[in-house]
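Visitor: I am new to this structure and would like to be shown around it. Please put it up, and then I will ask about it.

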Amino acid sequence: MVDLADTLKEQARQLGFDPVGIAAVPGGPRLPLRTAALERWLAAGHQADMAWMADPRRRAVEALLPGVRSVVAVGLPYWVEAERAPGSLKVARYGWGRDYHRVIDGRLRALGRWLEQQVPGVRWRACVDSTPLLDKAWAEEAGLGWIGKHSNLISREHGSWLLIGHLLTTAELPADPPAVPACGACSACLDACPTAAISEPFVVDARRCIAFHTIENRDA
């Protein structure tokens, strides 16, 4: 399966994904810690009215694809050098083009169909961030980057300018080493947050978060 994994990664890169990594299910010892952190976050009410964050499938990848053995994690860099036109609305760079959900989903489905041709009978499921998956934890497990104190994934090559997606599959593929956390004593993200929404390292209170109120809060 090593050759298949290498060819799969190259196919993913040809689809525009970079980086690409593979994690084995059920994952290593860090996954239960990430799951426990999610439970504490929910219990504290930090999810505000995002009730979907409590979906139990987020803590059990097998519920999304019975028989899943591997998670292929992919990144789609979204940094561009261009600046917005003077006087235009301020919109995050990831929202400048087509809906990234559709872009990533379409490319992951193409990757899944390719895998099906290589391994007849294999099952797969494409997952973007709208799927109840512990996506950043699985991306970390697959070696794409580490989860920073701002709760986002940090890639050594792309920083936090990275959208992520996952292809769950029943194919048993060799796993890549998990990413090694590298924030150290740095607290730049906590200091930079204008509303103190990062109440402590790795904990973001959505009730204080500008992104929540401009994207998810339907009462705003």
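Visitor: Which residues are buried in α2?

Guide: This is a predicted model, in which local features need pLDDT of at least 70 and side-chain atom pairs count only at pLDDT 80 or more, while totals for chains, interfaces and linings use all residues. Residues are numbered from 1 along each chain as its sequence is written, and side-chain values use heavy atoms, with hydrogens and water left out. Helices (H or I, at least four residues) and strands (E, at least two) are DSSP runs, numbered from the N terminus; buried means under 20% relative accessible area, exposed over 50%, and partly exposed in between, with a 1.4 Å probe and protein chains only. By that rule the buried residues of α2 are Leu31, Thr35, Leu38, Trp41 and Leu42.

Visitor: Why do the buried residues of α2 line one face of the helix?

Guide: An α-helix has 3.6 residues a turn, so residues three or four places apart point the same way. The arc is taken from the directions that run from the helix axis to the C-beta atoms. Seen down the axis of α2, the buried residues line one face because they fall within an arc of 115 degrees.

Visitor: Which exposed residues does α2 carry on the face turned away from its buried side?

Guide: The buried side of α2 is covered by elements including α4 (135-141) and β8 (203-204), where contact means heavy atoms within 4.5 Å. The face turned away from that side carries the exposed residues Pro32, Leu33, Arg40 and Ala43.

Visitor: What distance does α1 reach from its first C-alpha to its last?

Guide: Helix α1 covers residues 2-14, which is 13 residues. The expected span of a helix is 1.5 Å times one less than its number of residues. For α1 the expected value is 18 Å, and the helix comes close to it, reaching 19 Å.

Visitor: Which elements do the buried residues of α1 pack against?

Guide: In α1 the buried residues are Leu4, Ala5, Leu8, Lys9 and Ala12. They fall within an arc of 135 degrees seen down the axis, so they line one face of α1. On the other side, Val2, Asp3 and Gln14 are exposed. The buried residues of α1 pack against β1 (20-24), β2 and α3.

Visitor: Which residue just after α1 takes a positive phi?

Guide: There is such a residue just after α2 too: Gly45, with a positive phi of about 80 degrees. Just after α1, a positive phi of about 105 degrees is taken by Gly16.

Visitor: Which residue does a cis peptide bond join to Asp18?

Guide: The bond has an omega of about 10 degrees.

Visitor: Where does Pro26 lie?

Guide: The peptide bond from Val25 to Pro26 is cis, with omega near 20 degrees. Pro26 lies in the loop between β1 and α2.

Visitor: Is Gln47 buried or exposed?

Guide: Gln47 lies in the loop between α2 and β2. Leaving aside neighbours within four places in sequence, Gln47 is in contact with Trp41, Leu42, Met53 and Ala206. With a relative accessible area of 15%, Gln47 is buried.

Visitor: What relative accessible area does Val68 have?

Guide: Val68 also lies in the loop between α2 and β2. Leaving aside neighbours within four places in sequence, Val68 is in contact with Val25, Val61, Glu62, Leu168, Thr169 and Thr170. Val68 is buried, with a relative accessible area of 3%.

Visitor: Which element gives the largest share of the lining of the second largest pocket?

Guide: On a 1 Å grid over the protein atoms alone, a pocket is an open set of points where a 1.4 Å probe fits, with protein on both sides within 12 Å along at least five of seven lines, and lining residues have an atom within 4 Å of a point. The second largest pocket is lined by 13 residues, of which Tyr78, Arg93, Tyr94, Gly97 and Leu163 lie nearest its centre. Two or more lining residues come from each of β2 (70-77) and α3 (100-118). The largest share, 3 residues, comes from α3.
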